[in-house]
Amino acid sequence: MSEATKRKHVTHEAVHGDVKICKNQFIVKVIESKGNNLHLVENERGESTLCSMPPKFRKNVWIKKGDFLIAEQIPEGKKVTCEMVHILYPPQIKDLKADNEWPTYFQVPDRDTLPESGDYSNYRTPPTLHSDSDSDGSLEANVNQLNRPVVYLSETDEDSEETDSEEEIGREE
């Protein structure tokens with residue numbers, strides 16, 4: 001099977017597949033990504049652990065902070081104690097709640113709202129700016145830059161520093 005066909009099947013299964021929680025599987029919430037396909041997750045008891053992403057999901061499906069997963073326990077794991085089995089999307093979460101398989105620890109009403117249209121293709125796409133002008137004023141602020149206060153020195157500050165240093169030099173002689 002070609003790489004493109006594999007990617008298509010994995011993506012379709014993740015987005016549209018039915019979800020059943022089997023033995024040794026549980027629902028976790030992604031807290032943050034640690035890199036190297038490892039994610040810090042929180043289980044229904046509130047415990048944090050590392051969860052690995054299997055190769056079939058890598059470069060095919062992306063997860064972010066706040067997403068829910070079905071994970072399976074890894075018995076020999078010390079630091080990494082579970083492996084991702086399925087990524088949960090809003091319709092799948094709704095089905096799990098209807099079947100009473102959703103943990104009460106993760107019950108939050110704001111997160112459970114679904115789009116009215118039933119179209120989940122834009123579930124994770126960020127909103128874009130729509131503007132008629134192509135000016136720089138329509139660009140979003142760069143969130144990667146630190147907000148550092150700008151400090152301007154007046155000429156009097158510089159003069160006082162020079163006189164202070166001259167006085168210190170005169171004292172040393």
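Helices and strands here are DSSP runs, numbered from the N terminus; a helix has at least four residues and a strand at least two. The model is predicted.

**The whole chain**

Start with the whole protein chain selected. It holds 3 helices and 5 strands, and along the sequence they follow the pattern α-β-β-β-β-β-α-α. Of its 173 residues, 25% count as buried. The chain exposes about 13,200 Å², with carbon and sulfur atoms supplying 49% of that area. Among contacts with a separation of 6 or more, 57% join residues 24 or more positions apart.

**The largest nonpolar core**

Next select Val41, Ile63, Leu69, Met84 and Ile87. These residues have the most contacts inside the largest nonpolar core, which has 15 residues. Now colour β1 (25-35), β4 (68-73) and β5 (80-88): these elements each give two or more residues to this core. Apart from it lies another core, of 9 residues, including Leu88, Leu96, Trp102 and Phe106. In soluble globular proteins, nonpolar side chains tend to be buried together.

**Methionine 84**

Return to the largest core and centre on Met84, one of its residues with the most contacts. Leaving aside neighbours within four places in sequence, Met84 is in contact with His39, Cys51, Ser52, Met53, Pro54, Phe57, Ile63, Leu69, Ile70 and Ala71.

**Methionine 53**

From that list, pick Met53, found in the loop between β3 (48-52) and β4. Is Met53 buried or exposed? Its relative accessible area is 5%, so Met53 is buried, the cut-off being under 20%. Not counting residues up to four places away in sequence, Met53 touches Asn37, His39, Arg58, Val61, Ile63 and Met84. To check one of these pairs, draw a distance between the C-alpha atoms of Met53 and Asn37: they are separated by 5.3 Å, although the two residues are 16 residues apart along the chain.

**Helix α2**

Finally, move to helix α2, residues 90-98, and select Pro90, Gln92, Ile93 and Leu96, which are buried. Why are these four on the same side of α2? They cover an arc of only 160° around the axis, which puts them on that one side. An α-helix has 3.6 residues a turn, so residues three or four places apart point the same way. Leu96 also belongs to the core of 9 residues. Turn to the other side of α2 to find Lys94 and Ala98, which are exposed. The last stop is Asn100, which follows α2 and has a positive phi, near 60°.

How values were computed:
Residues numbered from 1 in each chain as written. Predicted model: local features only at pLDDT ≥ 70, side-chain atom pairs only at ≥ 80, totals over all residues. Heavy atoms only, no water. Buried < 20%, exposed > 50% of the residue type's maximum accessible area, 1.4 Å probe, protein only. Arc of directions from axis to C-beta. Core = buried A, V, L, I, M, F, W, Y, C linked by side-chain atoms within 4.5 Å. Contact = heavy atoms within 4.5 Å. Areas by Shrake-Rupley, 256 points an atom, 1.4 Å probe, with all protein chains shown as cover.
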